[in-house]
Amino acid sequence: MATDAALKTPTDLKSNAAKTVAEALNTILADSYALYFKTKNFHWHVSGPHFRDYHLLLDEQAAQILATTDDIAERVRKTGNTTLRSIGDIARHQTIKDNDEDYVAPGAMLTELREDNLKLIAALREAKDIVDEAKDNATSGILDDWTDQAEQRAWFLFEASRKG
C-alpha cells in the first residue's frame with residue numbers, strides 16, 4: 001500500500017500554498033462531479049414540449065463539465081497533493097446539492113442548473129485568488145477557461161428558460 005510520501009510530486013510551490021490550492025481544487029472537482037451527475041440526471045428525465053432542445057443542451061453541458069474533471073485532478077497532483085478517490089469522497093467535499101426528486105419540471109431544472117453553475121463560478125473565482133496568491137500561474141490560467149465555460153453554461157440555461 002502506497003503512502004502519501006510515495007505520491008508526493010515535486011513542486012516549487014510552498015507546501016502550505018500547494019495544500020490550499022489542492023483543497024480549493026478538490027472542492028471544485030467534487031462540485032464538478034455533482035454538477036455533471038445532476039446535469040445528466042436532468043438530461044435523462046427532461047420532458048415536455050422543449051424536450052429535444054433541453055435534452056441536447058444538457059447532454060452537451062454535461063460532456064463539457066466531465067471534460068474538465070481530469071484536468072482539475074491533474075492540477076491537484078501537479079501541486080504535490082492527492083485528489084478525490086471515491087463517490088463518498090466527492091460527497092464529503094461537494095457544496096452543490098444533489099437533486100433526488102422523482103420529477104422536476106423542465107423550467108425548474110434549467111433554473112437549478114443555472115444557479116449551480118453560478119455557484120461553481122463563485123468557487124472558481126475564489127480559487128483564482130488562492131492560486132494567484134500561491135503564484136501557481138498554470139492553475140490560474142486554466143481557472144480562467146473553466147470560469148468562461150461555466151459562465152457560458154449559465155448564460156445558455158438563462159436564455160433557454162426565458163419566457164416570451
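Alanine 154 touches Arg114, Asn117, Leu118 and Ile121, leaving aside residues up to four places away in sequence. Keep in mind as you look around that this is a predicted model. Alanine 154 itself sits in helix H5, which covers residues 137-161. The residues it touches, Arg114, Asn117, Leu118 and Ile121, have numbers that fall within helix H4 (106-133). Is alanine 154 buried or exposed? Its relative accessibility is 7%, so alanine 154 counts as buried, the cut-off for that class being under 20%.

Now follow the chain back to the loop between helix H4 and H5, where you will find lysine 135. Its backbone deserves a glance: phi of lysine 135 is near 60°, a positive value in a residue that is not glycine. Lysine 135 counts as exposed because its relative accessibility is 66%, and exposed means over 50%.

Our last stop is the largest pocket, which holds about 310 Å³ of space. Which residues lie nearest its centre? They are Tyr33, Ala34, Phe37, Lys38 and Asp98, out of 14 residues that line the largest pocket. Helix H1 (15-45) and helix H3 (87-93) each supply at least two residues of this lining, and H1 gives the most, with seven residues. Sorted by class, the lining of the largest pocket has eight nonpolar, three polar and three charged residues.

Note on methods:
Residues numbered from 1 in each chain as written. Predicted model: local features only at pLDDT ≥ 70, side-chain atom pairs only at ≥ 80, totals over all residues. Heavy atoms only, no water. Helix = DSSP H or I, 4+ residues; strand = E, 2+ residues; numbered from the N terminus. Buried < 20%, exposed > 50% of the residue type's maximum accessible area, 1.4 Å probe, protein only. Contact = heavy atoms within 4.5 Å. 1 Å grid on protein atoms, 1.4 Å probe; cavity = no way out; pocket = protein on both sides within 12 Å on 5 of 7 lines; lining within 4 Å. Points joined across faces, edges and corners; volume = space filled by probe spheres on them. Nonpolar A, V, L, I, M, F, W, Y, C, P; charged D, E, K, R; others polar.
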